[in-house]
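Q: Could you take me through this structure feature by feature, with the general idea given before each case?

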Amino acid sequence: MKRLLETGNGAITEGAIIAGCRVFAGYPITPATEIAENMARRLPRAGGFYLQAEDELAALYICIGASAGGMKAMTATSGPGYILYADPFGWAISSEIPLVIVNSQRVGPVSGITGAPGQGEFYLSRYLTHGGNFENIVLAPAGVQEAFAITVQAFYLAERFRMPVTILADQLVTDGWETLLIPETGAELEAMGLKVIERRVNRGPEFYPATDAIDVPPVVLGHNTGAACSDWTPTAEGYDTEEVEWQHKHAYRLIYKVRNHKDLLTRYEAYFVDDEPEVILVAYGSPSRVVKSAVKVAREQGLKVGGLRLVTLWPFPEEIFSWQAKYLVVEMNYDGQLVREVQRATPKGSAIHFLGKCGELPRVAELVELIRALVNDRPLPSNPWEREVW
């Protein structure tokens with residue numbers, strides 16, 4: 001096992017290469033530029049290819065083309081570039097092309113503050129493209145080591161589900177320095193609970209079954225495969241059609257291959273919830289680390305509080321919100337995004353509260369004071385998200 005002091009960007013690079021990524025295309029943007037720089041150095045040594053595209057749109061198209069040609073591919077950006085992925089992302093979703101996309105969120109809107117962290121693309125990561133009729137897989141790391149592991153897992157899931165998988169990080173994760181352990185053998189990788197699937201090939205002429213099946217090899221164009229792959233609604237052979245019957249079958253597959261295998265996707269961390277706490281804090285990414293510290297401090301002070309950290313953001317794990325309690329959702333945005341899904345998922349009688357920070361993390365003492373107020377039924381500062389769930 002190799003032990004390094006590394007950034008989240010470096011961890012994502014190493015995870016991608018171990019997972020078999022051999023093509024990276026991107027365009028420089030803070031705070032994801034170091035991924036491109038690292039890939040430019042590392043990929044040629046691993047027998048891969050680095051391409052700097054003229055913009056983010058072209059970068060994702062290059063990755064799609066590489067994946068459709070049989071190579072594992074990845075791109076990385078931040079919010080202003082992520083929004084440009086809408087058209088190629090829809091192509092990858094509809095044509096069921098596996099690849100990995102990294103979005104390191106920074107505070108916005110638009111260019112915002114390039115060096116400040118944000119969490120403003122929670123919903124964008126779910127609905128990045130037009131037209132609906134699809135599900136999405138989005139994973140959120142909270143540190144450097146987890147960024148490595150989630151990158152390996154993202155490639156694994158992309159292959160099994162034949163689709164792009166998004167890693168929704170934030171600037172504190174990708175720029176932060178921490179210890180990173182990198183496995184040097186297959187046994188060490190397996191000991192970390194990680195798996196790598198080699199690219200397989202759908203030989204055609206049939207496209208994909210109109211079922212919720214996963215683990216079907218993706219279409220690889222050329223190589224005498226006899227397979228077709230249209231970005232329009234496809235027939236069973238992969239050719240485009242305007243018949244609504246085929247659209248029904250296609251939409252069913254895109255939605256239910258994810259929904260019906262949710263048990264393979266749902267990842268989260270729950271702590272201090274076994275004794276039915278009065279207050280539960282919810283977060284993902286960097287804020288979840290402060291939340292966990294605050295919950296521990298509050299417990300030491302005798303306050304009955306627990307915590308939930310989401311790793312899988314989409315499909316949203318509503319089934320884990322089974323406790324009737326007072327929930328405090330902590331996000332690095334002012335508008336409140338994750339809190340809306342928590343409102344939808346929690347049992348009747350729960351009270352949902354929201355703490356938003358813009359470009360910075362909350363403080364432990366600040367969270368402990370809010371926990372104390374909730375436990376003691378004291379009013380919190382005025383916030384439009386404070387209301388009962390009906």
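**Reading a predicted model**

A: Start with a proline: Pro 31 sits in the loop that runs between strand S2 (21-26) and helix H2 (33-45). Keep in mind throughout that the model is predicted.

Q: What is the omega of the peptide bond from Thr 30 to Pro 31, and is the bond cis or trans?

A: As a general idea, most peptide bonds are trans. The bond from Thr 30 to Pro 31 is cis, its omega being near 5 degrees. Another cis bond joins Gly 108 and Pro 109, with omega about 15 degrees. Pro 109 belongs to the loop between S5 and strand S6 (113-117).

Q: How many helices and strands does the chain have?

A: The secondary structure comes to 13 helices and 16 strands. For overall dimensions, the C-alpha trace spans about 70 × 50 × 40 Å along its principal axes.

Q: What radius of gyration does the chain have, and what would a compact globule of 390 residues have?

A: A compact globule with 390 residues would have a radius of gyration near 21 Å; the chain has 21 Å, so the two agree. As for burial, 57% of the 390 residues count as buried.

Q: Is Ala 73 buried or exposed?

A: The cut-off for buried is under 20% relative accessible area. Ala 73 has 1%, so it is buried. Ala 73 is part of strand S4 (residues 72-77). Its C-alpha atom is separated by 8.9 Å from that of Ile 62, a residue 11 positions apart from Ala 73 along the chain.

Q: How many salt bridges are there?

A: The general idea is that side chains of opposite charge can pair when their charged atoms come close. Here the count comes to 21 salt bridges.

Q: Which side chain meets Arg 253 in a salt bridge?

A: The partner of Arg 253 is Glu 96, at 2.7 Å from N to O. This pair links distant parts of the chain: Arg 253 is in helix H10, and Glu 96 is in the loop between H5 and strand S5 (99-107), 157 residues apart. Arg 253 counts as buried because its relative accessibility is 3%, and Glu 96 is buried at 1%.

Glu 96 also forms a salt bridge with Lys 257, where the closest N and O atoms are 2.8 Å apart. Lys 257 lies in helix H10 and Glu 96 in the loop between H5 and S5, so this pair ties together parts that are 161 residues apart in sequence. Lys 257 is buried too, with a relative accessible area of 1%.

Q: Where in the chain are Asp 215 and Arg 160?

A: Their side chains meet in a salt bridge of 2.7 Å, N to O. Asp 215 is in the loop between H9 and H10, while Arg 160 is in helix H7 (residues 144-161), 55 residues apart. Asp 215 counts as partly exposed at 31% relative accessibility, whereas Arg 160 is buried at 15%.

Q: Which residues are linked in a network of salt bridges?

A: The network links Lys 262, Glu 318, Glu 319, Glu 341 and Arg 344.

Q: Which residues gather in a patch of negative charge on the surface?

A: That patch is made up of Asp 87, Asp 231, Asp 240 and Glu 242. Asp 240 lies in the loop between helix H9 (186-191) and helix H10 (244-259), and is partly exposed with a relative accessible area of 47%.

Q: Which residues form a nonpolar patch on the surface?

A: Leu 57, Ile 83 and Leu 84 do, with about 230 Å² of accessible area together. Leu 84 is in the loop between helix H4 (79-82) and helix H5 (86-94). With a relative accessible area of 40%, Leu 84 is partly exposed.

Key:
Residues numbered from 1 in each chain as written. Predicted model: local features only at pLDDT ≥ 70, side-chain atom pairs only at ≥ 80, totals over all residues. Heavy atoms only, no water. Patch = residues over 30% accessible without salt bridge, like charges linked within 9 Å, V, L, I, M, F, W, Y side chains within 5 Å. Areas by Shrake-Rupley, 256 points an atom, 1.4 Å probe, with all protein chains shown as cover. Salt bridge = Lys/Arg side-chain N within 4 Å of Asp/Glu carboxyl O. Lys, Arg positive; Asp, Glu negative; His and termini not counted. Charge placed at Lys NZ, Arg CZ, Asp CG, Glu CD. Helix = DSSP H or I, 4+ residues; strand = E, 2+ residues; numbered from the N terminus. Buried < 20%, exposed > 50% of the residue type's maximum accessible area, 1.4 Å probe, protein only. Rg over C-alpha atoms; globule rule 2.2 N^0.38 Å.
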